[in-house]
There are 2 protein chains.
Amino acid sequence: MCPSAEQAQRYRARMQRQKTVVDAAIARADQTKGLLLILTGNGKGKSSSAFGMVARALGHGMHVGVAQFIKGRSDTGEEAFFKQQPNIIWHVLGEGFTWDTQDLLRDQATAQQGWVVVQNMLRDPTIDLLILDELTYPLKFGWLNINEVLTDLQNRPPMQHVVITGRAAPDALCQVADTVTEMRNNKHAFQAGIQAQIGIDY
Amino acid sequence: MCPSAEQAQRYRARMQRQKTVVDAAIARADQTKGLLLILTGNGKGKSSSAFGMVARALGHGMHVGVAQFIKGRSDTGEEAFFKQQPNIIWHVLGEGFTWDTQDLLRDQATAQQGWVVVQNMLRDPTIDLLILDELTYPLKFGWLNINEVLTDLQNRPPMQHVVITGRAAPDALCQVADTVTEMRNNKHAFQAGIQAQIGIDY
């Protein structure tokens, strides 16, 4: 592990070049705005990434709203933890996975009532960061109208950040987003017979 | 948006089939163990996903350790936020990106001192979840010996979860992991000239 003088010099030169590239990219990125971020794909980490941004925002003294559309269980660590914190509003708007209710009219009505709650937060400039957890499912199943959702997102306060999570984000949503990350499973413990783990999966 | 009786019936039948599949998969996944999770790829969301799991674990009353190996800035929201919480130990072990220090010997020494701190947490069964944020970089640059790291990970307490973040996770690490998620950028605000946003990116 002990580098020669030549290795150390090459390392230094390589890092100097890298620094030039990075500094130039940072200098070019000079705009600030409320972002729309989509976290999608079949991999683990979509909701947990959104909740990590919640922690970041709260750490900066920002105000956060959370709306959870689909919620398979009522004992999640994120809800228990964040509900105790100041500067956060937490709404559970769903009734669990659609394969548990099996009632289309009821699922539609639940989602549409939920969207009214979200609309109020999308009009509230005191909310700096808004998490719409698993919003892609009500869109995918047609419980919410995508055009209405897009219009409400576009009319939000200009500095408000919105993070939407869930599999299979609709193309129309990705097109208007600033950042779209796809989480891909290269390997998942669940496939190896390991059950959802407390603190990791919920 | 108003479904016919036939549509509602088809929906119900589809969701019943889905429920059978989901319930069977849940029944098969009956093991519990300390997981090794890798969050890698070039996309946004690796560290924030790890910090979301921190929130989940704290919400369940679990104890958490965090080690940050590379840290480009000292004003992160996650550190400000979580350092105020009970049941968490937070270590900053890096000195910023390697293209800022440009000194290989110093970077090696810093990483190796950091690993000693991690080794103590990897031997501590009271830590339920351990985050090794951006550990992939010291491995990639050869500051840490991958075999030593793998051995220490394998000898940890059996119920301790470890989450490792960073681009370009080494294959040897992915092979021993339980879950590997790759975050892929389909689109990133930074590429459109938008600077790193407070509460979102740091």
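Domain bounds here come from an automatic or database domain assignment. For chain A that assignment gives domain 1 (1–30) and domain 2 (34–192). Taken over C-alpha atoms, the centres of domain 1 of chain A and domain 2 of chain A are 39 Å apart.

Some ground rules before we go on. This is a predicted model, where local features need pLDDT of at least 70 and side-chain atom pairs count only at pLDDT 80 or more, while totals for chains, interfaces and linings use all residues. Residues are numbered from 1 along each chain as its sequence is written, chains are lettered from A and ligands numbered from 1 in the order in which they are written, and side-chain values use heavy atoms, with hydrogens and water left out.

**Chain A at a glance**

Chain A has eight helices and six strands. Both kinds of element are DSSP runs numbered from the N terminus: helices are H or I with at least four residues, strands are E with at least two. The C-alpha atoms of chain A fill a box of roughly 70 × 45 × 35 Å along the principal axes.

Of the 202 residues in chain A, 55% are buried. Buried means under 20% relative accessible area, exposed means over 50%, and partly exposed is in between (1.4 Å probe, protein chains only).

**Two copies**

Chain B superposes on chain A by a rotation of 180° with 0.0 Å of shift along its axis, and the RMSD is 0.0 Å. The two copies are therefore related as by a two-fold rotation axis. They also use the same surface, as 100% of the contact residues of chain B recur in chain A.

**The shared sheet**

Now for the sheet. It is open, has 12 strands with mixed pairing, and runs in the order β3(A)-β2(A)-β4(A)-β5(A)-β1(A)-β6(A)-β6(B)-β1(B)-β5(B)-β4(B)-β2(B)-β3(B). At its edges stand β3 (88–92) of chain A and β3 (88–92) of chain B, each with a single partner strand, so one side of each has no neighbour in the sheet. On average, neighbouring strands are turned by 15° against each other, direction ignored. Helix α2 (residues 46–59) of chain A packs on the sheet and touches β1, β2 (64–68), β3, β4 (129–133), β5 and β6 of chain A, with its direction at about 165° to that of β4(A). Such angles run from 0 to 180 degrees between N-to-C directions, and the axes are lines fitted to C-alpha atoms, for helices over the stretch in contact.

Let's zoom in on a few strands.

| Strand pair | Bridges | Residues facing each other |
|---|---|---|
| β1(A) and β5(A) | four bridges | L37(A) and V163(A) |
| β1(A) and β6(A) | four bridges | L39(A) and T181(A) |
| β1(B) and β5(B) | four bridges | I38(B) and I164(B) |
| β4(B) and β5(B) | four bridges | I131(B) and V163(B) |

Five of the five residues of strand β1 (residues 36–40) of chain A are buried, so the strand is largely enclosed by the rest of the structure. L36(A), I38(A) and T40(A) cover one face, with L37(A) and L39(A) on the other. In chain B, β5(B) also has five of five residues buried, so it too is largely enclosed. Its faces hold H161(B), V163(B) and T165(B) on one side, and V162(B) and I164(B) on the other.

**Core and loops**

A nonpolar core is a set of buried Ala, Val, Leu, Ile, Met, Phe, Trp, Tyr and Cys residues joined through side-chain atoms within 4.5 Å. Which of the 48 residues in the largest one touch the most other members? They are V54(A), F82(A), V54(B) and F82(B). Beyond its neighbours within four places in sequence, V54(B) is in contact with V64(B), V66(B), F82(B), I88(B), L129(B) and I131(B).

A168(A) is not a glycine, yet has a positive phi of about 55°. A168(A) lies in the loop between β5 and α8 (171–176) of chain A, and is partly exposed at 47% relative accessible area. N87(B), another non-glycine, has a positive phi near 70°. N87(B) is in the loop between α3 (77–82) and β3 of chain B, where its relative accessibility of 34% counts as partly exposed.

Note on methods:
Two strands pair if DSSP finds at least two bridges between them. Copies are superposed by least squares on the C-alpha atoms of residues with pLDDT of at least 70 in both. Contact means heavy atoms within 4.5 Å.
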